[in-house]
Amino acid sequence: MSTPILEMSGISKTFGAVRALSEVDFQVDAGEVVALLGDNGAGKSTLVKVIAGAHPADNGGVISWDGTPVNIGTPADAQRLGIATIYQDLALCDNLDIVGNLFLGNERLHFPGTLDEVEMERRAVELLDSLSVSIPSLRVPVAALSGGQRQIIAIARSLLGQPRVVMLDEPTAALGVAQTAQVLDLIERLRDQGLGVVLISHNMADVRAVADRAMVLRLGRNAGDFPIADTSYEEIVAAITGASDNPVSRRSTRTGSSATATKDKE
Amino acid sequence: MTEADTTPGSQSALRQANERRVVEVLRREGTRTQAELARATGLSAASVSNIVRGLRSAGAVSVRNTSSNGRRARAVTLLRPPGTVVALAFTVGRISVAVGDSDGNPLAGEQIEYDVPADPERAVRRAAWLAETTLLRARIDPGRVGAVVVSVPAPIDPRTGVVGDISCVPRWAGFRPGPALSERLGSPVLVENDANLAVTAERASGVAQGVDHVVQLSLDVGVGAGIVMSGRLFRGAGGTAGEVGHIGLDQRGPVCRCGNRGCLETFVGTDYLMDMLPRDSFRGAGLGAVVLTDVVGAALEGDPGSRRVIAEAGTALGQGTAIIANLFNPEMIVVGGELAEAGDLLLDPMRRAMELGTLGSALSDLRVVASTQGADAALRGALITASHSLS
Ligand SMILES: Nc1ncnc2c1ncn2[C@@H]1O[C@H](COP(=O)(O)OP(=O)(O)OP(=O)(O)O)[C@@H](O)[C@H]1O
Ligand SMILES: [Mg+2]
Ligand SMILES: [Zn+2]
């Protein structure tokens, strides 16, 4: 097997007294869609923010990129490695058109000097074509787009930096059926292009539709890593809720105080 | 969030058992209020209310506000046995789903554009997603689905469920869509050819109601025929009966994907028709954007080029259908698909060609009519077939 693009082991993250992540292991391969699953507060967004450099991990863990240990201390570190993140609030500018939004925040990708509108439009068309995305006009303000089209523009924008890992936090949460299908198509296309995709979702149908693997977090810890094709829906739900724990392991978790959960009782 | 939002799957076994208790009481005792149902089953008022909501969205019960001893109450009546069916239809550019009650009446439906020919496993995976998502959004418990019927635009071997070799989805050849879908959806899955399902729909609620000897042509990228003889679908030994698109009409015609020359499909298949259009008959629109319905529309408005293309398709269709009529002696030939919306512009030349090629006796009682089922005939046929396979 080839080296994963991104491999993390023993990652912890505390916020004051709250232990959001406890010695978590995680990896993404090229051409793979990994679903990151877990109940509310399980630590999914925290893990994504650690990878994105928004919240550096506590000391002690190891992050490797192409097998080489790296430090991700800031968002710029993550971007330089080739990690793109699409957060749930998309931060698109309603008054700018599609081209403007695609290049917003990607200023370092512009040619030296002023913005070359023609060149920007050419690259926007090229990018959207490569994703088989059809948008009626690149010059409509994004306020006029549907939720699904906005999501696709946000994903497209993140691809301008030519990332190798793309992380999507709940990309389909507010979308209709046809729009969700378009986002799923796009995720499959990213995988086909050899990118590693991390998908956070509470929707098991969406997960089963596109993910290759499901990584489950519970109370900030690893709670299972499943190949989607060979795993039943029930097994994954059991891992998410903790229903699969046998009484012995449940008791040992409860007594091993430091091994537990998110909050130390004060 | 309700339970149905978060638990698509069969985790709801307990809920299903409770639902059966409620249905049993309604069946035995007729209309009952929710409070009476709770008393009779020993379930909590909240569970009864949940179960009734589920049964109602599945069309199994009706609920009426009433009063009991001066207090507001909800009276529940059983309409039909609970049980939901799912129909899925693959066409070249689309996946459609319909969810129906146990009588085959549609409750919910969705469709998405999808590159179906590209990869059968992916298409099936996406179809399972579409079915799950549609059930979820209609708040119908997937555990209640009792039958799934799938329409595929290719011959299907009735013994094995394997997709045949020659079709508009060549990469599906040798693939079995049933097992993957059945595993995903947790219920039995029947895979059937689209033309066979279309004729089923036409006999249930279209122009062929009460007709026992009928051949329905489905015109699309290819040409399929659903054949019903003596009231029964005729599939052939390996499921390729009705592949009339490969009836040879012209030994010097264009080479067909089946390897022969001048097959019926090369005269009426959508892609061939589009290639026959005169260069500038659609000024304004870039030619790539023109679709078959545009051509039909233009013909109906009198565009001579479009009329000619459709008339010649009708003639070829009549030549092919003459052979079918001589073989099977049907009472009715139904023409379905987008092209059929051209009506007599297609059917008149077709009838004339049939008169030249058909035995007088086979022709005398034969009606040639356009389908009334529209584009989702196969999907509706699948829903009906699924409801019949319940019980
Ligand atoms: N900035 C912060 N300060 C303090 N606590 C935090 C912070 N961010 C997250 N947490 C805590 O860390 C834990 C994990 O939160 P996180 O947002 O990662 O969960 P999640 O799995 O993304 O949940 P959801 O599905 O609700 O989005 C929670 O207990 C949360 O309250
Ligand atoms: Mg989160
Ligand atoms: Zn042929």
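Predicted model: local features only at pLDDT ≥ 70, side-chain atom pairs only at ≥ 80, totals over all residues.
The zinc ion (ligand 3) is held by donors from chain B, while the shell around ligand 1 is made up of residues including A:Lys44 and A:His202. Chain B has 391 residues, of which 51% count as buried.

**Surroundings of ligand 1**

- The shell around ligand 1 consists of A:Phe15, A:Ala20, A:Asp39, A:Asn40, A:Gly41, A:Ala42, A:Gly43, A:Lys44, A:Ser45, A:Thr46 and A:His202.
- By class, these shell residues comprise 3 nonpolar, 6 polar and 2 charged.
- Helix H1 of chain A, which runs over residues 44-52, contributes the most to this shell, with 3 residues.
- A:Gly41 places a backbone N or O atom 2.7 Å from an oxygen atom of ligand 1.
- The side chain of A:Lys44 has a polar atom 2.7 Å from an oxygen atom of the ligand.
- For A:His202, an N or O atom of the side chain is 2.9 Å from an oxygen atom of ligand 1.
- Taken on its own, ligand 1 has 630 Å² of accessible area, and the protein covers 63% of that area.

**Zinc site in chain B**

- The zinc ion (ligand 3) is coordinated by ND1 of B:His246 and by the SG atoms of B:Cys256, B:Cys258 and B:Cys263, at 2.0 to 2.4 Å.
- Along the chain, the donors follow the spacing H-x9-C-x1-C-x4-C.
- The arrangement is tetrahedral because the 4 donor atoms subtend angles of 101 to 125 degrees at the zinc ion (ligand 3).
- For reference, the ideal angle for four tetrahedral donors is 109.5 degrees.

**Side-chain polar contacts**

- The side chain of B:Glu132 is joined to that of A:Arg208 by a polar contact of 3.0 Å, a link between chain B and chain A.
- B:Glu132 belongs to helix H5 of chain B, residues 120-137.
- With a relative accessibility of 10%, B:Glu132 is classed as buried.
- Within chain A, the side chains of A:Arg191 and A:Asp212 make a polar contact of 2.9 Å.
- A:Arg191 is part of helix H6 of chain A, which covers residues 177-192.
- A:Arg191 also counts as buried, at 11% relative accessibility.

**Loop residues with positive phi**

- Most residues other than glycine have a negative phi.
- B:Arg139 is not a glycine, yet its phi is positive, at about 55 degrees.
- This arginine, B:Arg139, sits in the loop between H5 and strand E7 (145-152) of chain B.
- Its relative accessible area of 42% makes B:Arg139 partly exposed.
- B:Asn329, likewise not a glycine, has a positive phi of about 50 degrees.
- B:Asn329 is partly exposed, since its relative accessible area is 46%.

**Chain B: elements, extent and separations**

- Chain B contains 14 helices and 13 strands.
- The C-alpha trace of chain B spans about 80 × 45 × 45 Å along its principal axes.
- B:Thr41 lies in helix H3 of chain B, residues 34-41, and is buried, with a relative accessible area of 8%.
- B:Thr41 and B:Ala316 are 275 residues apart in sequence, and their C-alpha atoms are 65 Å apart in space.
- B:Val223 is found in strand E10 of chain B, residues 223-229, and is buried, at a relative accessible area of 4%.
- Between B:Val223 and B:Asp271, which are 48 residues apart along the chain, the C-alpha separation is 12 Å.

Notes:
Residues numbered from 1 in each chain as written. Chains lettered and ligands numbered in written order. Heavy atoms only, no water. Near = heavy atom within 4 Å. Polar contact = N/O pair within 3.5 Å; in protein donor to acceptor, adjacent residues only side chain to side chain. Areas by Shrake-Rupley, 256 points an atom, 1.4 Å probe, with all protein chains shown as cover. Helix = DSSP H or I, 4+ residues; strand = E, 2+ residues; numbered from the N terminus. Nonpolar A, V, L, I, M, F, W, Y, C, P; charged D, E, K, R; others polar. Donors = N, O, S within 2.8 Å, 3.2 Å for Na, K, Ca; no water. Tetrahedral: all angles 85-135°; square planar, octahedral: opposite > 155°, others 65-115°. Buried < 20%, exposed > 50% of the residue type's maximum accessible area, 1.4 Å probe, protein only.
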